[in-house]
Amino acid sequence: MARISSILFAFLVGCQGGGGTDGASVRPASAFAVASQAFGAAFFDAEARSALITGRAREAFRLPGLIEADRYRFLQVAELRRLDDTRCEGEVAFAIDGWPAQLSVELTRTADGWRLSKVDDAATQQALVDVLGARGLPRARTAEPWPGGLAGRDANGRPTSAALVMVTAAGFWVDGRRVPDEPGAIRAAIADALSARQQLAWVAHATYKPHVAIALTADAPATRHAEIAALAVEAGAEALMLVVRDPQGGPAFLPLAHAEPLPVGERLPPVIDVQQTAAGVRLAVGEAVAEVPPGDDGLRIESLRPAVASLQSAEPAVGFLLHPDPAGNHARVVALLDALRSAGAGLPVAAVVP
Amino acid sequence: MNRRVASGFVLLGALALAACKAPGPEAASGPADPVADVQLWLAEQVFADPADMIMRFAPGLDPREFPPRLMVDAPEQYRFVDLWRVRMVDGRLLVDALMTFSGQPHVVSFHLEQVDEAWRVASWSPAPVAVEGQGRAPPAGLDLPATLAAATFRGAPPARVVPIAPSSEAAEEEDRRVAVRVGFQAFTFEGECPQARLTAALRRATRRLGSCHADAFGSTPRAGRLTFALEFDASGNALAVLRETTLLAGALTDCVGEALHAVVTDSGRRRSPISHCTVSVPITFSPRKQASP
């Protein structure tokens, strides 16, 4: 019997220790594995999840209760960094409705092993859900597919070429990290995000134009995108885009041109001024003017194409300059941008702060 | 072995298998917890016989060249401290490991890939980086090995610009900077020239010509005259040729030539093209009188 027991003991230790040359050493689960389980197999299993999380973090980890299981997919533990012998912090990536996102976490080594001891605040978790909710990112028919998500990385954990600025009623995030709602802080965070990508481009011998993606919810003020675009340009951005949902709800974008002042004395080429008001849309270039009345969705899109075509025949323009209705919201801006892209035969559209 | 003992073996074996199949959070094994596996390897097996470690490395890599083995003379001089940073990018596990060589802390960076369902070391940074202390890893960043970074920049949309007029502040600032008056003596036209159109276009260029002068001479304006000939060929292309100047400054000549070319080209493009025309453009610069303090 003693022989049988010793065989069984060796078998069990080998199972938990796993393949080492020293069969007596028992391998503990890593912080990486614990984070993977908490956001993976145990995410929707409250009991299993609780076993991986310390008491305080258990209450703070609200995301599993905010979304349905069929909308969620665990991607990977994106990064863990050592803080000291008993703590590490990092980010865990997952997708909601196919949109890559991430939460910051901290893990602590307890007497029972590694445990999730901190997650991003409740507002950040709620923001990820809100931005993909009914009043979240607007949809656009002409949007181009985008591999990025809500944290400046794609589903494989690679950084996207654009730094991502996400804004909800709860605050600002740059590349998935919370930023104080102050222009200086937002500008600095964007500059840091662009600088990191420039460094990456240098390593990769790639050509890179600093590039910012702006994700706003449908009910954001109509001028918010232009305000953030201005901060992004001040931070060094040369290319801009608005993050939207494609008709199926997946990640997509609308390119946004940068309104750049010409040097003093240089002649301004023709640009179509697009004035959005409650009464519709007014397009003007030089002396030529066209009015488009509002439709069911705030814009009669079928009237926009001939209006743009008539202005272009009078004086070929090099782009649109969009003046949003200050009383409107971001959803209306995106609807107009979408329609201008459809009607404007590839002309760039830039937004200006009124 | 009698039947009772045999059935005991079966029962214990079943228990052992059950324990292996249902690992708790502390008992992840093999590929389920590659990080713990790497930790164990770095702590205990880096200096094992290379022949025994060959399966830990991707085909073609030599375990004897793994940096920790090259940094010390004897295994006793090596100590694994902890994993500094672990990242998962594009299905690869990027590891920065903190270790000491003869007591000196260093970080060794390498990455693992899944080959035949096993995580194997697939590359490493050639030189371990000396670090101070054994504490915190660097803050989160986007630094990646070059092989993984390139994909970030594929398919990025182009930067597009819509030109707008300069702000009134910028215009005022430029007016303060430009300390000369720009004028034209009489234009001379030869050929089929739309005189009114060209005259209007050229007169609109005075501000830009003033900026050219300010760029060339700064705050010490100089009086003088340049005469350019603008020659339109049969296909409507314009060429600006310097005919004479009293201001010898290459930067001024180049800038004025470019400005005139841009003005008349734009004028020709926006309406009917201009061809078979030559116009002589004498430009004068005279310093403005400084306001008395």
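Where is the place of B:Asp90 in chain B? I found B:Asp90 in the loop between β1 (78–89) and β2 (92–101) of chain B; strands here are DSSP runs of E, at least two residues, numbered from the N terminus.

A note on what I was reading: this is a predicted model, where local features need pLDDT of at least 70, side-chain atom pairs count only at pLDDT 80 or more, and totals for chains, interfaces and linings use all residues. Residues are numbered from 1 along each chain as its sequence is written, while chains are lettered from A and ligands numbered from 1 in the order in which they are written.

**Positive phi**

I looked up phi for B:Asp90 and got a positive value near 55°, in a residue other than glycine. Most residues other than glycine have a negative phi. B:Asp90 is partly exposed, because 17 other C-beta atoms lie within 10 Å (20 or more would be buried, 12 or fewer exposed, with C-beta atoms placed from the backbone).

Next I turned to A:Asp175, where phi is positive at about 55°. A:Asp175 sits in the loop between β7 (171–174) and β8 (177–179) of chain A. It has 26 C-beta neighbours inside 10 Å, so I logged A:Asp175 as buried.

**A sheet in chain A**

I then traced an open, mixed sheet of 5 strands in chain A, ordered β15-β14-β13-β16-β17; strands pair if DSSP finds at least two bridges between them. β15 (288–292) and β17 (349–351) are the edges, each with a single partner strand, so one side of each has no neighbour in the sheet.

Inside it, β13 (272–277) and β14 (280–285) of chain A run antiparallel, joined by 5 bridges. I noted one pairing: A:Val274 has A:Leu283 in β14 as its bridge partner.

Conventions
Helices (H or I, at least four residues) and strands (E, at least two) are DSSP runs, numbered from the N terminus.
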